[in-house]
Amino acid sequence: MMDSLRHLKDEDVLVLLNDLLEQYGYDFTDYSFASVKRRLQRVYSAGRFPSFAEFRYRVKSDPDYLIYLMEQITVNVTEMFRDPHFFELLRKQVLPVLATYPLIRIWHAGCSTGEEVYSMAILLNELNLLHKSVIYATDINESVLEKARKGIFPLQHMQQYSQNYMASGGQQEFSGYYAANYEYAKFSERLREKIIFAAHNLVTDHSFNEFQLIICRNVLIYFNKDLQDKVLHLFSDSLEQLGFLALGAKETLRFTTVAPLFKPFANREKIWRKIST
């Protein structure tokens with residue numbers, strides 16, 4: 001009986017999504033329904049709630065539990081220099097173009113816990129561009145942003161991150177970018193001082209600057225087609241002419257209404273360049 005009670009129905013999911021929108025302003029109604037339901041079901045089952053009503057009450061009345069729920073809905077798998085060939089292309093072909101600008105503005109949208117943001121800061125540092133760059137790192141989830149701000153990651157991941165770094169064309173000792181402390185690695189303040197972390201909701205918030213490079217990898221796959229289009233228009237509005245847009249491995253501009261505004265720059269790495277407004 002308990003198992004059946006802990007099974008969320010479609011209408012339960014819709015009620016909960018409406019609660020999150022009305023009470024907290026988080027709009028997941030245009031996310032992939034199957035993906036959101038699967039994640040909510042996982043949380044619901046783990047909590048062993050005797051009824052959906054009690055689960056709903058906990059979400060609406062317990063701020064700490066809401067933070068936990070948000071982490072589970074918006075969770076993204078990330079690592080430093082993930083897909084090394086992507087960062088190698090940034091190093092060799094994209095950032096040298098941006099080097100001609102007096103100020104480089106980069107937006108990491110949906111930055112999660114910040115591993116790719118620090119990877120970008122390292123690239124800029126090695127190309128002697130960090131001093132004239134500003135990286136805006138945004139996410140809907142305040143708790144993951146707080147982790148990103150600290151720049152502290154598990155030490156056990158550093159071997160893999162170092163391998164990724166070297167495969168991407170890294171030029172220095174990766175261990176020189178962080179200080180090891182017991183089980184954690186804390187990245188250099190010199191990298192963090194060029195990063196601005198801020199909450200931003202891709203669904204409801206607007207453009208806040210004009211960038212030469214926007215990176216949003218493996219976020220759009222959780223959105224339905226209409227929301228993907230909306231967010232891609234936000235990115236287009238936020239890019240300078242000839243600015244670069246980088247998406248995730250399974251994401252594309254094909255069949256979207258913004259496709260005519262861009263031309264492919266690197267098909268394998270999923271990078272486009274804005275050619276029209």
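1. Start with Y178: its bridge partner in β5 is F187. The two strands involved, β4 and β5 (residues 184-187), pair in the antiparallel sense over 4 bridges. Strands here are DSSP runs of E with at least two residues, helices are runs of H or I with at least four, and both are numbered from the N terminus. Two strands count as paired if DSSP finds at least two bridges between them.

2. A quick word on what you're looking at. This is a predicted model, in which local features need pLDDT of at least 70 and side-chain atom pairs count only at pLDDT 80 or more, while totals for chains, interfaces and linings use all residues. Residues are numbered from 1 along each chain as its sequence is written, and side-chain values use heavy atoms, with hydrogens and water left out.

3. Back to the sheet: it is open, has 3 strands in the order β3-β5-β4, and pairs antiparallel. β3 (152-154) and β4 (178-181) stand at the edges with a single partner strand each, so one side of each has no neighbour in the sheet.

4. Now look at β10 (residues 271-274). Both of its faces are covered: I271 and R273 on one side, and W272 and K274 on the other, are all buried (under 20% relative accessible area, with a 1.4 Å probe and protein chains only). Strand β8 (residues 239-247) runs antiparallel to β10 and is joined to it by 3 bridges, with F244 opposite R273.

5. β10 also pairs antiparallel with β9 (residues 262-266), over 4 bridges. F262 stands opposite K274. β9 and β10 form a hairpin with 4 residues between them, and K270 in the turn has a positive phi of about 60°.

6. T138 is worth a click. You'll find T138 in strand β2 (residues 133-139), buried with a relative accessible area of 3%. A polar contact of 2.8 Å joins the side chains of T138 and W107 (a pair of N or O atoms within 3.5 Å; within protein, one must be able to donate a hydrogen and the other to accept it, and residues adjacent in sequence count only if both atoms are side-chain atoms). Leaving aside residues up to four places away in sequence, T138 touches several others, including H108, C111, L145 and F208 (heavy atoms within 4.5 Å).

Notes. Buried < 20%, exposed > 50% of the residue type's maximum accessible area, 1.4 Å probe, protein only.
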